[in-house]
Amino acid sequence: MRITRLLMLLPLLLAPPFAPVSPADAQTSAQTRTESEARANAPINYRLDASASNVAARVPFFGLSSKTARFPRMQGSVTVIPGAPERTAIDVTFDAAAIEAPDETTLQRLRGDKFFWVERYPTIRFVGRSINLTSPTRGTLIGELTARGVTRTEALDVTFASDPAAAGRRPVNFTAEMQIDRRNYGMRSYQLIVGNKVDISLRARMVPR
């Protein structure tokens with residue numbers, strides 16, 4: 001009896017602990033993992049919701065106060081790559097001709113050839129192609145600002161309300177700030193009255209395309 005039982009158990013004792021994986025199964029599994037990783041790291045494309053976005057430019061006035069102009073019309077896109085968030089890109093165009101100012105005199109000066117010269121240069125554009133992240137929701141975006149026909153490299157400090165790389169297909173709000181020297185863009189008039197440093201702030205909402 002003992003010999004009979006041993007003979008019955010022998011195939012089980014000699015069997016490999018795991019069934020061998022065929023080359024075809026291994027290739028399928030590797031392909032599935034690759035496709036899953038590709039989907040996880042695929043770029044997420046957003047557009048700016050113009051109805052929930054605005055830009056303000058504040059400049060010192062007489063060294064005692066300040067005046068703020070606003071650009072209510074804009075369009076743009078944001079691209080986030082979850083596997084490489086440092087490659088976050090933004091492309092925003094503002095309608096300079098739609099600029100708003102606190103009074104009519106300031107508005108006409110800003111629209112004229114001493115400042116934005118909107119008749120000749122109707123748009124302002126910022127294109128950022130890389131970001132230095134200090135956290136999942138904060139970083140400095142380096143890009144090119146074009147205003148009044150001049151393009152210069154500027155730094156835009158960005159703060160997202162939530163991690164855009166982990167937001168999936170949900171909208172994300174963000175704010176951004178930069179300071180520029182207006183003289184670098186050909187705006188050199190009224191220097192005894194108007195300060196040279198301009199603080200630009202952006203509040204925007206980006207929604208998945």
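Me: What does isoleucine 124 touch in this predicted model, leaving out residues up to four places away in sequence?
Reply: Isoleucine 124 touches Phe71, Val92, Thr93, Phe94, Ala96, Phe116, Leu145, Thr146 and Ala147. Contact means heavy atoms within 4.5 Å, so each of these residues meets that cut-off with isoleucine 124.

Me: Which residues have the most contacts inside the largest nonpolar core?
Reply: They are Tyr46, Leu48, Phe71, Phe116, Ile124, Phe174 and Met206. The core has 45 residues. Buried means under 20% relative accessible area, and a nonpolar core is a set of buried residues, so Ile124 falls under that cut-off.

Me: Why is threonine 88 called buried?
Reply: Its relative accessible area is 7%. Buried means under 20%. The value is under the cut-off, so threonine 88 counts as buried.

Me: Where is threonine 88, and what is it in contact with beyond its neighbours within four places in sequence?
Reply: Threonine 88 sits in the loop between β4 (74–80) and β5 (89–95). Its contacts are Val78, Thr79, Val80, Gly128, Arg129, Ser130, Ile131 and Leu141.

Me: Is aspartate 199 buried, exposed or partly exposed, and why?
Reply: Aspartate 199 has a relative accessible area of 27%. Buried is under 20% and exposed is over 50%. The value lies in between, so aspartate 199 is partly exposed.

Me: Where is aspartate 199, and which residues does it touch, not counting those up to four places away in sequence?
Reply: Aspartate 199 belongs to strand β10 (residues 197–208). It touches Ala56, Ala57, Arg58, Met178 and Gln179.

Me: How do you know that aspartate 199 and glutamine 179 make a polar contact?
Reply: Their side chains are joined at 2.9 Å. The limit is within 3.5 Å, so this distance passes.

Me: How far from aspartate 199 is glutamate 177?
Reply: The two are 22 residues apart in sequence. In space they are 7.3 Å apart, C-alpha to C-alpha.

Me: How many helices and strands does the protein chain have, and what share of its residues is buried?
Reply: The protein chain has three helices and ten strands. Of its 209 residues, 33% count as buried.

Technical notes:
Residues numbered from 1 in each chain as written. Predicted model: local features only at pLDDT ≥ 70, side-chain atom pairs only at ≥ 80, totals over all residues. Heavy atoms only, no water. Helix = DSSP H or I, 4+ residues; strand = E, 2+ residues; numbered from the N terminus. Buried < 20%, exposed > 50% of the residue type's maximum accessible area, 1.4 Å probe, protein only. Core = buried A, V, L, I, M, F, W, Y, C linked by side-chain atoms within 4.5 Å. Polar contact = N/O pair within 3.5 Å; in protein donor to acceptor, adjacent residues only side chain to side chain.
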